[in-house]
Amino acid sequence: MPAQGTVRVLLFARYAEIAGRDHVTLSVTLPTTVREVIRRLREELPGARALPEHPLTAVNLKQAKLDSPLHDGDEVALLPPLAGG
Amino acid sequence: MPFLTRNPISIDLLLREVAAPECGGTCVFLGTVRAGPDEGGVMAIEYSAYESMVEAEIERILADVCERWPHARAVLRHRLGTIPVGEASIAIVAAAPHRADAFEICRYLIEAVKQRLPIWKKESRVDGSTIWVDPAGRAAAAGPR
């Protein structure tokens with residue numbers, strides 16, 4: 001039987017404005033990936049369809065690829081184009 | 001000290017942090033909020049960040065600097081919140097035994113900040129509009145007025 005888990009998704013800056021919120025907690029079936037979480041977010045969260053399909057992302061405070069695997073309790077962040085300095 | 005601050009940046013404090021008898025060259029880089037003639041009347045920029053990731057990533061960046069320039073010292077601060085035109089959003093201070101390394105470290109650090117740190121800026125303009133800015137300095141999308 002597939003394992004269930006929870007991931008916390010953080011949205012920042014313009015992405016938070018688009019989605020109308022800065023975080024969401026998703027129940028997921030493991031194994032899963034960053035790409036799958038973004039797909040679900042865009043489908044299930046009102047307004048989130050306008051988020052890009054392939055944004056820059058981070059998992060647990062480090063930049064991550066879309067095919068990175070996720071584990072129960074991971075923190076996934078969707079990062080708009082970086083603009084520090 | 002944390003890399004991020006919501007207060008004006010004290011250059012004197014940063015200079016004191018890197019000062020060392022063995023360092024004969026010190027470079028200071030300041031990034032300031034700009035209102036150029038083609039930028040639609042910028043009054044201020046509001047900076048926000050994924051703060052916990054920024055602090056983790058800056059530690060990794062400074063570890064890279066330590067490894068590459070073991071005899072140098074570097075410190076930097078980035079300001080968050082609303083910063084008016086002319087004030088510094090970032091300050092980098094690098095001290096090394098010789099000037100070439102101090103210049104190079106400053107350049108290395110500002111490029112790393114721009115490429116690796118999750119920080120965002122939203123311009124406030126004289127007409128009351130706000131605009132997210134992308135890394136190349138172009139407007140990304142109009143925000144709510």
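Two residues count as in contact if their C-beta atoms, placed from the backbone, lie within 7 Å. Keep that cut-off in mind for this predicted model.

**Select chain B.** Take the contacts between residues at least 6 apart in sequence: 70% of them join residues at least 24 apart. Switch to cartoon. Along the principal axes, the C-alpha trace spans about 50 × 25 × 25 Å. Of the 145 residues in chain B, 30% are buried.

**Select residues 99–116 of chain B.** This is helix H3, with 18 residues. From first C-alpha to last, H3 reaches 26 Å, close to the 26 Å expected at 1.5 Å a residue.

**Colour the buried side of H3(B).** Pick B:Asp101, B:Ala102, B:Ile105, B:Leu109, B:Ala112 and B:Val113, which are buried. Look down the axis. These residues cover an arc of only 105°, which puts them on the same side of H3(B). An α-helix has 3.6 residues a turn, so residues three or four places apart point the same way.

**Turn to the other face.** Which exposed residues does the face of H3(B) turned away from its buried side carry? Select B:Arg99, B:Ala100, B:Glu111 and B:Gln115.

**Show the packing partners.** The buried residues of H3(B) pack against four elements of chain B: strand S2 (25–32), helix H2 (51–68), strand S4 (73–79) and strand S6 (88–96).

Note on methods
Residues numbered from 1 in each chain as written. Chains lettered and ligands numbered in written order. Predicted model: local features only at pLDDT ≥ 70, side-chain atom pairs only at ≥ 80, totals over all residues. Buried ≥ 20, exposed ≤ 12 C-beta atoms within 10 Å, placed from the backbone. Helix = DSSP H or I, 4+ residues; strand = E, 2+ residues; numbered from the N terminus. Expected span 1.5 Å × (residues − 1). Arc of directions from axis to C-beta.
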